[in-house]
Amino acid sequence: MSLRVGVQLHPQHTGIAELRTAWRDADAIGVDSLWTWDHFLPHTGDPAGRHYECWSLLSAMAVETRRATIGPLVSCTAFRNPHLLADMARTVDQLSGGRLVLGLGAGWFEAEHTEYGLPFPGPAGRMDAFAASVTAVKERLARLNPGPAGPLPLLIGGAGRRRTLQLVAREADWWNWYGWASEDPVAEFRELSGVLDEWCERVGRDPGEVARTVMVNPDQLPLVEGFAEAGAVHVVLSLPAPYDLRRVEELLKVRAALTS
């Protein structure tokens, strides 16, 4: 069984020095991937607490790490012109030496849209805009000179059975799910992965072409083996500050046990 593991460092309620130390140390101890999120405001804890912008952090991460892939988990396409977003992603990929994974999502946190003067339509409107943005991002990436330095896989996050998973089947290289509110996360992940298989068959795509990834909270580390058995090939630990990398080391031990 092959399993890759990573860590998402929450860019809220922390400082730049702490973030830089954490991503350097996580890269040094052998994680396969490093991630941040794309929000403009803290979405837990003090809403006026410290917070940092996603793509600025990724640019720094790109030049300060060496081996792990990096990426946003996920970048909200409503925040930026999709052609600009593609150019930003290509540039960060070049800075990293070809290690970027481009994670995209439709957005869900209404308060940050309001605070930054961005529209926040209903679910159908957000999905329409998201699908159009994904198409525009891929078209722009194909036209940029120079292009990405690496493969620049496209990851789409979400669990919508009808529209999101259909879009994953059509457009994505990776699919990510985050089941923090699920009563039985492993069972729900397995079910949703089966729905994705069905969409792949409907659109004429080999389901094996879409890598299945899952993000877990620290208290869900005992579920990692179950996720791997359910088809996850990459598990990401969502880690708040202060960054206790001992939890990352636990995940690395699980990876070692499953791949030995």
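**Exercise 1. Describe the surroundings of His10 in this predicted model: which residues does His10 touch, not counting residues up to four places away in sequence?**

Solution. 
1. Begin with the contacts. His10 touches Leu19, Trp37, Ser238, Leu239, Pro240 and Tyr243, with residues up to four places away in sequence not counted.
2. His10 sits in the loop between strand E1 (4-9) and H1.
3. Check the accessibility. The relative accessible area of His10 is 11%, and buried means under 20%, so His10 is buried.
4. Look for a polar partner. The side chains of His10 and Ser238 make a polar contact at 2.7 Å.

**Exercise 2. Find how many salt bridges the model has, and state which parts of the chain the pair Arg20 and Glu64 ties together.**

Solution. 
1. Side chains of opposite charge can pair when their charged atoms come close.
2. Take the count. There are 14 salt bridges.
3. Examine one of the pairs. Between Arg20 and Glu64, which form a salt bridge, the closest N and O atoms are 2.5 Å apart.
4. Locate both ends. Arg20 belongs to helix H1 (residues 16-29) and Glu64 to helix H2 (residues 54-64), so this pair ties together parts 44 residues apart in sequence.
5. Arg20 has a relative accessible area of 32% and is partly exposed.

**Exercise 3. Work out where Asp32 and Arg255 lie, and which residues are linked with them in a network of salt bridges.**

Solution. 
1. Asp32 forms a salt bridge with Arg255, and their closest N and O atoms are 2.9 Å apart.
2. Locate both ends. Asp32 lies in the loop between H1 and strand E2 (33-36), while Arg255 lies in helix H9 (residues 245-259), so the bridge ties together parts 223 residues apart in sequence.
3. Check Asp32. Its relative accessible area is 8%, and Asp32 is buried.
4. Arg4, Asp32 and Arg255 are linked by salt bridges.

**Exercise 4. Describe the largest nonpolar core: how many residues does it have, and which have the most contacts inside it?**

Solution. 
1. In soluble globular proteins, nonpolar side chains tend to be buried together.
2. The largest nonpolar core has 67 residues, and Leu34, Trp55, Leu102 and Trp175 have the most contacts inside it.
3. Assign the largest share. H7 supplies 7 residues to this core, the largest share.
4. Follow one of these residues. Leu102 is in contact with Trp55, Ala89, Val137, Leu141, Leu152, Pro153, Leu154 and Leu155, leaving aside neighbours within four places in sequence.
5. Separate the other core. Another core, of 7 residues, lies apart from the largest one; among its members are Val101, Trp174, Met215 and Val236.

**Exercise 5. State which residues of helix H6 are buried, which elements they pack against, and how E7 and E8 pair.**

Solution. 
1. List the buried residues. In helix H6 (residues 164-171) they are Thr164, Leu165, Leu167, Val168 and Ala169.
2. Name the packing partners. The buried residues of H6 pack against helix H5 (123-143), strand E6 (154-157), strand E7 (174-178) and helix H7 (185-203).
3. Go from E7 to its partner strand. E7 and E8 pair in the parallel sense over 5 bridges, and Asn176 stands opposite Thr213 in E8.
4. Of the 6 residues of strand E8 (residues 211-216), 5 are buried, so E8 is largely enclosed by the rest of the structure.

Conventions:
Residues are numbered from 1 along each chain as its sequence is written. This is a predicted model: local features need pLDDT of at least 70, side-chain atom pairs count only at pLDDT 80 or more; totals for chains, interfaces and linings use all residues. Side-chain values use heavy atoms; hydrogens and water are left out. A salt bridge is a side-chain nitrogen of Lys or Arg within 4 Å of a carboxyl oxygen of Asp or Glu. Helices (H or I, at least four residues) and strands (E, at least two) are DSSP runs, numbered from the N terminus. Buried means under 20% relative accessible area, exposed over 50%, partly exposed in between (1.4 Å probe, protein chains only). Contact means heavy atoms within 4.5 Å. A polar contact is a pair of N or O atoms within 3.5 Å; within protein, one must be able to donate a hydrogen and the other to accept it, and residues adjacent in sequence count only if both atoms are side-chain atoms. A nonpolar core is a set of buried Ala, Val, Leu, Ile, Met, Phe, Trp, Tyr and Cys residues joined through side-chain atoms within 4.5 Å. Two strands pair if DSSP finds at least two bridges between them.
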